[in-house]
Amino acid sequence: MIEKTYQPSEVEGRISQAWEQAGAFKAGRPERAQADAYSIVIPPPNVTGSLHMGHALNNTLQDVLCRFERMRGKDVLWQPGTDHAGIATQMVVERQLMEQQQPGRRDMGREKFLERVWAWKAESGGTIVNQLKRLGASCDWSRERFTMDEGLSKAVLKVFVELYREGLIYKDKRLVNWDPKLLTAISDLEVMPVETKGHLWHLRYPIEGKTFNAEDPSTFIVVATTRPETMLGDSAVAVHPDDERYKALIGKHVILPLVGRRIPIIGDEYSDPEKGSGAVKITPAHDFNDFEVGKRHGLPQINVLTIEAKITFAENVFHQPDQVSADFEETKKLEGLDRFAARKAIVARLEEMGLVEKIEPHTNVVPHGDRSNVVIEPFLTDQWYVNAAELVKPAIAMVREGKTSFVPKNWEATYFNWMENIQPWCISRQLWWGHQIPAWYGPDGKVFVALSEAEAQTEADKHYGQTTALKRDEDVLDTWFSSALWPFSTLGWPDKTKELERFYPTSVLVTGFDIIFFWVARMMMMGLHFMPKERPGAPAEQIVPFKDIYIHRLVRDASGAKMSKSKGNVVDPLGIIDEFGADALRFTLMRAVAPSHDIRLGPQDVENNRNFATKLWNAARFVEFNGAVRVEGFDPKSAKETLNRWIAHETQKAAAEITAAIETYRFSDAAGAAYRFVWNVYCDWYVELSKPVLTGADGPAKDETRAMAAWALDEIIKLLHPFMPFITEELWAVTAEQGPKRGAMLALSDWPALAGLSDDKAEAEIGWVIDLITAIRSIRAEMNLNAVIPVVLAGASATTQDLVQRWADVIKRLARVSEISSAATAPAGSVQLVVRGEVAALPLKGVVDLSAERARLAKEMQKAEADIVRVDAKLNNPNFMARAKEEVVEEEKEKREEAVGRKAKIAEALERLQGGGVTSLSLPRNRTRVYPSSAF
RNA sequence: GGGCGCGUAGCUCAGCGGAAGAGCACCUCCUUGACAUGGAGGGGGUCACAGGUUCGAUCCCUGUCGCGCCCA
């Protein structure tokens, strides 16, 4: 018995449990051992995360694919798991410590702190997983992994060590993006450029050997800078070698103000004569460009900042006593001052000394940390790097060769653009939470990289010739390092598991465009490097980690704004699920997803789709009320009733459309087709047209209609399941109470594979009935006719007369018609309808307002004439006749014929209207074919 | 500066070479025996602008103007 109303909140939890108990989502089901494998790895959400709309979209897409392929009989693995999210998680726990007024991370010590993080993970790390389950995600939850669990850590170790041994991982001292708040290096990708209003300071650097005189430009050179505080670390001034203004100064020196250091004026093309003063200060330790200039000219790198971005002179070793200016004692007082305070102080002093020529307002792009949101400092440190430029080569080639395809394709341009300009990937982080780098140092700094401490020790002992104490590298790896291994590490690599054998490479990756670089690109690199297919007697074949990459875009709020906590416009998917149900949310997202647009999501949209779920529910109730129970072995091909043959025909068409759309990742087309089929075909017409039979006398027709109604509903439930898994699974269960037993849960049942149900005759007949009803309804509404009216078929063929009698019941009820009769010609004073070539007349003499009808006919007449003129223009054009395709010319001729016929009918109707109250109306073109399938 | 994308009905978006589409919103009517979370009908668009290619352009090309995003 189907409940009166569908309550998602009551049903969804129960269905989830049922799936879990049945192990419905388990990969490697024995009965599917021979089936094709289908696999997707989930983009692992951060353990700290909670479900947001982006997750909801991303995971619904994957779930649709997995449920679809599972129903198609494949052995599906949707591999779930979470990411340890180094910085994010460490921040969460540190904040918690602070809130609870407990000792901070450093006071606690590394080991205890990590214990604390694990405890936090045990307690709170499952949140996001439970939320994904509420969404309906059909992951194989028994295989859930975590980027820091034992197996994945083993994979990380192996990859690090092997890449190191191949020379693809190395340690280097160079500038990194340093986060002075989190006190760690970060990768280029974690740096967000923020346009900031600032200033451009023009500073005068006195030229050596001249007495500085603010009035005499020959005694100084002006450099322009946005970061005056870094001048303490300047080691040169650069001018363009061809710049006539400065050419003569190249090779001379300036005395760095406040410090007294003697630094050279060099010629380098980096200096842009158009910008600022044309001369720039060079600070190799604090600017990426200056670093390169410094390397070209062999300049010292003088770091003047601490890790917290405070002024230090500790490394300022270039103060020979004879170079120290009298000012330096004063300058030294800046030690320990924050960079921005130091900037003010330095500018103030320079101004006092007359060394500031001018200050211009200037907008520039300042790098900020995406986590800490503080200004990132280019900072000279030792870090570990991956030689990405090398690893990227096959990753580019595979996409070029089409081994992996982006959907939509245009993302390939973005991918290539980045991959071809890739920089070394800085993978070390000065954090505690993460995979500690497997590198140990001897007393002399010699590094030993190994899979274990013992192995490193052995190597070291051999190297030193005696047992030597080693110290492990304190740093951990970038979180994305382990994520890059996700497609194979989750399947058990480096062990040779049967899962790897069966489910790798994966079928498709579904992800947002924002992590193409962070994640997709790196999985390509690592996957190609570590997962080649061995071929005995031949070079190993390169295997891509996924065949397709489906890229989706953002979910925005109803007004198109990006959802963000600070704006307060975040729509919580769980709140939506509570209110409308997971199915409504999922269906809304699937109907709206478009490759080239972000999704705008408003509550109204979700409500509409909740209404769709209700509609489906009520259709099922109707079927049940009418005793339409599934019949064992029912074959829709055997149906005799035209109506039943018609719905079978339509069901096959809808199934084909939905299947083709999902196969090609056109999710909104698939959802839209399902929506229209259920609502506009099954509910609006099949249910309505079947009522006379279902409520009529018992007999074979009624039996067949019951069986067909139940069969078609069953197909609908299957077709909708990938999109709306809960309500469909519930209906599957409820409808199983009667009729033959179900073999399996819906999630494991067969996807409709319909054939041989196409029936043009049935389509023509039912289509005609539908068009007739629609046409009559249209007239009624337009003429404001509430009364029940009669219909007369004018000059109809015997077949049509026969047909209309067969459908008389339905026509009477749905079009509110009193009786249907036939006559040779339309009775006087009737409105004429042309329905698929047949004329139906409504005798309405004295009932309708004829002036309104006259106006309408005049308008129709204009339209018909315009159509004829337009077609004639084509047909009279010799070029068109000569060059257009034959079938196009044919079509135009048919159009002309149709329009001419229509015009004649309208003229006739108008004439009769003038003559004495006889109204004749030709149905406007766009209404003559209200139903064929294209309308649905 | 380089790249990608978008300007189609009031709103959100399909269509991408042969007569302008959907959903929502809006207006009118309907307590018809699954559903008012419903049913029926209707109005509404020089497809951003300007050139070009074509027998024919919302659709292809070029440019202009707006609006996003990514990279430097």
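Author: Begin with the helix axis: a line fitted to C-alpha atoms over the stretch in contact, with angles running from 0 to 180 degrees between N-to-C directions. The model here is predicted. In it, the axes of H22 and helix H27 (residues 808–815) come within 8 Å, and their crossing angle is roughly 120°.

Reader: Is H22 parallel or oblique to H27?

Author: Angles of 65 to 115 degrees count as roughly perpendicular, under 35 as roughly parallel and over 145 as roughly antiparallel, and the rest are oblique. H22 is therefore oblique to H27. The crossing of H22 past H27 is right-handed.

Reader: Which residues of H22 and H27 meet?

Author: H22 brings Trp685, Glu688, Leu689, Lys691 and Pro692, and H27 brings Asp809, Val810, Arg813 and Leu814. Sorted by class, this contact of H22 with H27 holds 5 nonpolar, no polar and 4 charged residues.

Reader: At what angle do H20 and H22 cross?

Author: Roughly 25°, with the axes of H20 and H22 coming within 11 Å. H20 and H22 are therefore roughly parallel to each other. H20 passes H22 in a left-handed crossing. From H20 the contact includes Phe612, Leu616, Ala619 and Phe622, while H22 supplies residues including Tyr675, Trp679, Tyr682 and Lys691. In the contact of H20 with H22, 13 residues are nonpolar, 3 polar and 2 charged.

Reader: Now the RNA. How many residues surround RNA strand B?

Author: A residue is counted if one of its heavy atoms lies within 4 Å of the strand. There are 49 around RNA strand B, and Arg600, Thr614, Trp679, Arg883 and Lys895 are the closest.

Reader: Which element gives the largest share of the surface near RNA strand B?

Author: H20, with 11 residues. By class, the surface near RNA strand B has 22 charged, 14 polar and 13 nonpolar residues.

Methods: Residues numbered from 1 in each chain as written. Chains lettered and ligands numbered in written order. Predicted model: local features only at pLDDT ≥ 70, side-chain atom pairs only at ≥ 80, totals over all residues. Heavy atoms only, no water. Helix = DSSP H or I, 4+ residues; strand = E, 2+ residues; numbered from the N terminus. Nonpolar A, V, L, I, M, F, W, Y, C, P; charged D, E, K, R; others polar. Left-handed = near helix turned anticlockwise from the far one by under 90°. Contact = heavy atoms within 4.5 Å.
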